[in-house]
Amino acid sequence: MTTENNNITKRENDYEQETLNNERLLSEHEYDGIRELDNDMPFWLKWLFILSIAFAFIYLIRLWVFRSDDLYQLKEYQAEVAAANTNPAAAARSEAFELVLLQDEGSLAQGKEIWTKTCAVCHLADGGGLVGPNMTDNYWLHGNTLEDIYGVIENGVIDKGMLSYKDQYSPKQRLEVASYILVKLHGSTPAKAKEPQGELYE
Ligand code: HEC
């Protein structure tokens, strides 16, 4: 019954009406004879919509015009890394754990002190070896890199009589003595060298 009416051209605010309660009907929207009322959006939904548009504008202006730091993951990441690095405790930690051979005389002197005091009993002061192996030759039981040597000092080889110095010395001190072995002892000529142990590393 309404199909004929729908085809009649209407002015904009010329609504069709629901016959029961005289409410406005959505025009040109009918499915199996069912119509919908043309109600206004609830005010909260309308404001949510408007605010989300406003938010999008502010966001895009901050992103494209002001290039705000907090909207870029990369910048955010860099800022956090920078903050972590300026934190003295963290800096000291990462410095200690950076396994780089120490070459300066100060660190090597520290290393020598630890060596003479603690390690010389088994390895001899000149590194020639006694209970523990010779440090001056090219034969190593556990590898010849800084990591290998640092690892032995840290964890020990308990069943073979080499202790772990994890608790006795800080990472920095362990690095100092490892560097001392590689820079000063290795390649030197000890008074009495113990026979080679382990594999030959060129
Ligand atoms: C109680 C004796 C003893 C003391 C003290 C000792 N070591 Fe050792 N060390 C050994 C023995 C034994 C080995 C051989 C372990 C094996 O056979 O695997 C060894 C092995 C090592 C190795 C590995 C050598 C290789 O050929 O791979 C390093 C490096 C080392 N010691 C460093 C040190 C340092 C540094 C100290 C002092 C902080 C120290 N040791 C103190 C007995 C000792």
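Helices (H or I, at least four residues) and strands (E, at least two) are DSSP runs, numbered from the N terminus. The structure described here is a predicted model, in which local features need pLDDT of at least 70 and side-chain atom pairs count only at pLDDT 80 or more, while totals for chains, interfaces and linings use all residues. Residues are numbered from 1 along each chain as its sequence is written.

## Overall build and confidence

The protein chain contains seven helices and five strands. Read from the N terminus, the elements follow the order α-β-β-β-α-α-α-α-β-α-α-β. A residue is called buried if 20 or more other C-beta atoms lie within 10 Å of its own, exposed if 12 or fewer, and partly exposed in between, with C-beta atoms placed from the backbone. Of the 202 residues of the protein chain, 17% are buried by this criterion. Two residues are in contact if their C-beta atoms, placed from the backbone, lie within 7 Å. Among contacts in the protein chain with a separation of 6 or more, 58% join residues 24 or more positions apart.

Confidence is expressed as pLDDT, the predictor's score for each residue, from 0 to 100. The protein chain has an average pLDDT of 87, and 89% of the residues reach at least 70. Confidence is lowest in helix α1 (residues 3–6), with a mean of 47, and highest in strand β4 (residues 139–140), with 96. Over residues 1–11 pLDDT stays under 50, and the model has two contacts beyond four places in sequence for them. Where pLDDT is low, the predicted coordinates should not be read in detail.

The expected span of a helix is 1.5 Å times one less than its number of residues. Helix α2 (residues 43–65), with 23 residues, reaches 32 Å from its first C-alpha to its last, close to the expected 33 Å. None of the 23 residues of α2 is buried, so this helix lies largely in the open. The 14 residues of helix α3 (residues 73–86) should span 20 Å, and the end C-alpha atoms are 20 Å apart, which agrees. The number of buried residues in α3 is zero, so α3 also lies largely in the open.

Arg-67 occupies the loop between α2 and α3. Although Arg-67 is not a glycine, its phi is positive, at about 45°. Leu-124, in the loop between α5 and β4, is another residue other than glycine with a positive phi, near 70°.

## Burial of selected residues

| Residue | Other C-beta atoms within 10 Å | Class |
|---|---|---|
| Arg-67 | 10 C-beta atoms | exposed |
| Leu-124 | 23 C-beta atoms | buried |

Gln-110 belongs to helix α5. Its C-alpha atom is separated by 8.5 Å from that of Tyr-180, 70 residues apart along the chain. Asp-148 belongs to helix α6. Between the C-alpha atoms of Asp-148 and Ala-178, 30 residues apart along the chain, the separation is 9.4 Å. Leaving aside residues up to four places away in sequence, Asp-148 touches His-142 and Gly-143.

## The nonpolar core

A nonpolar core is a set of buried Ala, Val, Leu, Ile, Met, Phe, Trp, Tyr and Cys residues joined through C-beta atoms within 7 Å. The largest such core has 17 residues, and those with the most contacts inside it are Ile-149, Ile-153, Val-177, Ala-178 and Ile-181. Helices α5, α6 and α7 each supply at least two residues of this core. The largest share, seven residues, comes from α7. Ile-153 touches Tyr-165, Arg-174, Val-177 and Ala-178, not counting residues up to four places away in sequence.

A residue is near a molecule if its C-beta atom, placed from the backbone, lies within 6 Å of it. There are 24 residues around the ligand, of which Cys-119, Cys-122, Gly-132, Lys-160 and Met-162 come nearest. The elements giving two or more residues to this shell are α5 (105–123), α6 (146–155) and α7 (171–185). Helix α5 provides the largest share, six residues. In this classification, Ala, Val, Leu, Ile, Met, Phe, Trp, Tyr, Cys and Pro count as nonpolar, Asp, Glu, Lys and Arg as charged, and the others, Gly among them, as polar. The shell accordingly divides into 17 nonpolar residues, six polar and one charged.
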